[in-house]
Amino acid sequence: MDLIDSLGNATFENYVGMESGFTEMAYQMSAHVLTLGYAIMLAGLLYFVLTIKTVAPKYRISSVLSVVVMISAFLLLLVQQQNWTGAMVYDADSARYVLGSGNDLFNNGYRYLNWLIDVPMLLFQILFVVTLTKSDFSSIRNGFWFSGTAMILTGYVGQFYEVTNPTLFFVWGFISTIFFVHILYLMKKVITEGKEGAPPKAQKYIGAIWTLFLFSWMLYPGAYLMPYLTFTLEPAFSEALVVGRHITYTVADVSSKVIYGILLTLAAQEMSKAEGYDYENMENAL
């Protein structure tokens, strides 16, 4: 009870840092994975800037949105990494990294702020590449915005209770999942319609987006539930689970932002070629 009284609604990473601390390996793996996350976003930014003219003008808004997503993710994940290294300090007596006295607590809220910006734009991106044959563009766009924003906000509230009130943690997580399922439904509809009439190679890329979407977005609930993956009703204060959460969130972010954006670019390139816009030949002509 003293531990809970002292940390309150902090995420379980802080409880591990105060109760047992982190070994050198666990601390550095977390720091390096967080660093890798924002470094890849910076590399992605360069890719999307340099490839924006390889697609026809009508598709370039998707690349512009990828650029915005990369800038947002780079800045906020950089702050997240600094938050981790600033919250934990090395204790020579125990030879472990522990929660620093008087330091800011580690906070996954930075990720939620990033997702609040990025998720709607990520969902909008595909609408500027594929052609909807049956659904209304505005209806799908509004559904993406509403469910994407609601999913992030409810998950944000829930993560504050992952230690102090497991019931509220799971309730808010369940509410967030309802919006998540709605997003999956809309995305499946968009991809199914988007493949109709698209060039064969573009269809291949669009189909791969659905597989990637399922893989990457399913990782987020797993990371959210990480303290309870020991299948108990109490959160497990384990450094392995902390490292696991950092790795899971990073893989999910890279997949759902960078790789997703690259697949959209490749699909747009094929569609551009089918419509007579061949950037490679244009460059050779110059």
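At what angle do α5 and α6 pack, and how far apart are their axes? The legends below, which refer to a predicted model, begin with this pair.

**View 1. Packing of helix α5 against helix α6.** The two helices pack at an angle of about 165 degrees, and their axes lie 9 Å apart. Angles over 145 degrees count as roughly antiparallel, and α5 and α6 are therefore roughly antiparallel to each other. Their crossing is right-handed. From α5, the contact draws on Gly109, Tyr112, Trp115, Leu116, Val119, Pro120, Leu123 and Phe124. The residues that α6 contributes include Arg141, Phe144, Trp145, Met151, Ile152, Leu153 and Tyr156. Sorted by class, the contact of α5 with α6 comprises 13 nonpolar, 5 polar and 1 charged residues.

**View 2. Helix α6 and its start.** Helix α6 spans residues 137-159, a run of 23 residues. From its first C-alpha to its last, α6 reaches 33 Å, close to the 33 Å expected at 1.5 Å a residue. At the start of this helix, a side-chain oxygen of Asp136 comes to within 3.3 Å of the backbone nitrogen of Ser138.

**View 3. Packing of helix α5 against helix α9.** Helix α5 (residues 109-125) and helix α9 (residues 239-274) have axes that come within 11 Å and cross at roughly 25 degrees. This angle makes α5 roughly parallel to α9. The crossing of the pair is left-handed. On the α5 side, the contact is formed by Arg111, Tyr112, Asn114, Trp115, Asp118, Leu122 and Gln125. Among their partners in α9 are His246, Tyr249, Asp253, Lys257, Tyr260 and Leu264. The contact of α5 with α9 contains 6 nonpolar, 6 polar and 4 charged residues. Tyr112 and Trp115 of α5 meet α9 in this view and also take part in the contact with α6.

**View 4. Packing of helix α2 against helix α9.** The axes of helix α2 (residues 12-19) and α9 approach within 10 Å and cross at roughly 145 degrees. Helix α2 passes α9 in a left-handed crossing. Phe12, Glu13 and Val16 of α2 meet Glu239, Leu241, Val242 and Arg245 of α9. The residues of this contact divide into 4 nonpolar, no polar and 3 charged.

Technical notes:
Residues are numbered from 1 along each chain as its sequence is written. This is a predicted model: local features need pLDDT of at least 70, side-chain atom pairs count only at pLDDT 80 or more; totals for chains, interfaces and linings use all residues. Side-chain values use heavy atoms; hydrogens and water are left out. Axes are lines fitted to C-alpha atoms, for helices over the stretch in contact, and angles run from 0 to 180 degrees between N-to-C directions. Helices (H or I, at least four residues) and strands (E, at least two) are DSSP runs, numbered from the N terminus. Angles under 35 degrees count as roughly parallel, over 145 as roughly antiparallel, 65 to 115 as roughly perpendicular and the rest as oblique. A crossing is left-handed if the near helix is turned anticlockwise from the far one by less than a right angle, and right-handed if clockwise. Contact means heavy atoms within 4.5 Å. Ala, Val, Leu, Ile, Met, Phe, Trp, Tyr, Cys and Pro count as nonpolar, Asp, Glu, Lys and Arg as charged, and the others, Gly among them, as polar. The expected span of a helix is 1.5 Å times one less than its number of residues. A polar contact is a pair of N or O atoms within 3.5 Å; within protein, one must be able to donate a hydrogen and the other to accept it, and residues adjacent in sequence count only if both atoms are side-chain atoms.
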